[in-house]
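The sequence and structure are shown first.

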Amino acid sequence: MIIARTIEEARKHVQEWKARGCTIGLCPTMGYLHEGHLSLMKASKQDNDITVASIFVNPMQFGPTEDLAKYPRDFERDCSMLEAEGVDMVFAPEPGEMYLDDFCTFVDMTVVSEGLCGRSRPVMFRGVCTVLTKLINIIYPNRMYMGKKDCQQLAVVRRMVRDLNFNLEVVGCATVREEDGLAKSSRNSYLSQEEREAARVLSRTLRAAQEKIAAGQTDSQELIDFMTAELTKEPMADIDYVEVVDGLTMQPIPEVREGDVIAIAVRIGTTRLIDNFIAGDPLIQLG
Ligand code: AMP
C-alpha cells in the first residue's frame, strides 16, 4: 500500500492510474478507523479498480472549543487495517500541506448545512466542503464513499457535488453498529464505561421510533415528543436535537414519508454523539 504524505506524491500515482484507464474510489476519513470506515473501503473495492483512503483530521471543521487536539489518532494501526482491506493508497497529509499560511478560499453552503449539526457546530460544514473539494481535486475519484451515519454530511456533500458539477458519484453506505446497537464512531473512545452504557439510549430510542412508524405513526411532532421523552429517561443524556427532516434538504417536515430522516444528537458527559435512521430502512438491531 502506498502512503502518500504530499499532494505531489498522491497526484503522481493518480495520474498513472488514470493513464491506465483505472476507476478510482475515494473514502475520506479522519482516521482512528473502525468497521464503519472499513465498510466504505469494501464498497469502493467492489466498484472501482483503485481504492484511495484519506486520513486527515481537518482543523477547519473544528470550532475553537471543540475536540481537535484530543481527537484520537493511531496512524500505524490505521495503515495496517487499510492494508489488510487491500486499499491501494492512503493519502495522509499534514495540515500545513493542505492549508498554506495565507489560505483564504472556502466552499460555503446555505440551507442544507444550516440546521441539525450545523446549528451547534457552525463552522463544520464549511470545513467539510472545503476539504472535500480539495481532496476531489487531488484524487479525481470516480466515486466517493460516505457513511449514512453522518446523514447531514452526506446530504451536504451530495448537494455540493450537484451544485458545483463535480464529476463523480457519491455513494452512501449503511451505518455499522456495535452489537448493542450503538453506531460505531471514533468518538466512542471518549466514553467511560458508565457513559458507554448510557449511550445505548440513542439506538434504543431510534429503534422505538422505527416501531412507531411501522405501526402507522406519521406525525413528526408526536415522534419528536416521543423520542425526547425516551432520551430524557437516561439521566446522563443531554439532548442537542431531535428532528424529522427531508432526506435531501435536511429541512423539518410535518409528516414522515419514506426517505425522510429521523436524526438525533445527544451529549453523554462531554461527548456529543449523533445517530439517525431513514424512514423505510430495516429495523436497527439492538443485540
Ligand atoms: P470520520 O472519520 O468520522 O470523519 O468518518 C469518515 C467516514 O466514515 C464518513 O463518511 C462517515 O460517515 C463514515 N462513518 C463513520 N462511522 C461510520 C459507521 N458507524 N458506519 C458507516 N460509516 C461510518
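## Tyrosine 32

Tyrosine 32 is placed in the loop that runs between strand 2 and helix 2. The model is a predicted one. With a relative accessible area of 25%, tyrosine 32 is partly exposed, because the partly exposed class begins where the buried class, under 20%, ends.

Although tyrosine 32 and arginine 73 are 41 residues apart along the chain, their C-alpha atoms are separated by 5.2 Å. Arginine 73 is also one of the contacts of tyrosine 32 once neighbours within four places in sequence are left aside. Among the others are Pro72, Asp74, Arg77 and Asp78, together with His37, Ser186 and Ser189.

## Ligand site

Histidine 37, a contact of tyrosine 32, has a polar side-chain atom 2.9 Å from an oxygen atom of the ligand. For aspartate 150, the distance from a polar side-chain atom to an oxygen atom of the ligand is 2.6 Å. Valine 176 takes part through its backbone: one of its polar backbone atoms is 2.9 Å from a nitrogen atom of the ligand.

On its own, the ligand has 480 Å² of accessible area, and the protein covers 93% of this.

## Domains

The domain assignment divides the chain into domain 1 (2-173) and domain 2 (186-278). Taken over C-alpha atoms, the centres of domain 1 and domain 2 are separated by 26 Å. In the contact between them, 23 residues come from domain 1 and 20 residues from domain 2.

## Nonpolar cores

The largest nonpolar core holds 51 residues, and Met98, Leu132 and Ile139 touch the most other members. Helix 6 (residues 124-139) supplies the largest share of this core, 10 residues. Because domain 1 (2-173) and domain 2 (186-278) both give residues to it, this core lies between them.

Beyond its neighbours within four places in sequence, leucine 132 is in contact with Pro28, Met144, Met146, Val157 and Met160. Another core, of 25 residues, lies apart from the largest one; its members include Leu191, Ala198, Val244 and Ile262.

## Two residues of helix 10

Serine 220 has its place in helix 10. Its relative accessible area is 3%, so serine 220 is buried. A polar atom of the serine 220 side chain lies 2.6 Å from the backbone oxygen of isoleucine 253. Leaving aside neighbours within four places in sequence, the contacts of serine 220 are Val244, Ile253, Pro254, Glu255 and Val256. Of these, Val244 is also among the residues of the 25-residue core.

Glutamate 222 is likewise found in helix 10 (residues 220-232). At a relative accessible area of 47%, glutamate 222 is partly exposed, because the exposed class requires over 50%. Which side chain makes a polar contact with the side chain of glutamate 222? The partner is glutamine 217, at 3.1 Å. Glutamate 222 and glycine 96 are 126 residues apart in sequence, and their C-alpha atoms are 48 Å apart in space.

Methods. Residues numbered from 1 in each chain as written. Predicted model: local features only at pLDDT ≥ 70, side-chain atom pairs only at ≥ 80, totals over all residues. Heavy atoms only, no water. Core = buried A, V, L, I, M, F, W, Y, C linked by side-chain atoms within 4.5 Å. Buried < 20%, exposed > 50% of the residue type's maximum accessible area, 1.4 Å probe, protein only. Helix = DSSP H or I, 4+ residues; strand = E, 2+ residues; numbered from the N terminus. Domains from an automatic or database assignment. Contact = heavy atoms within 4.5 Å. Polar contact = N/O pair within 3.5 Å; in protein donor to acceptor, adjacent residues only side chain to side chain. Areas by Shrake-Rupley, 256 points an atom, 1.4 Å probe, with all protein chains shown as cover.
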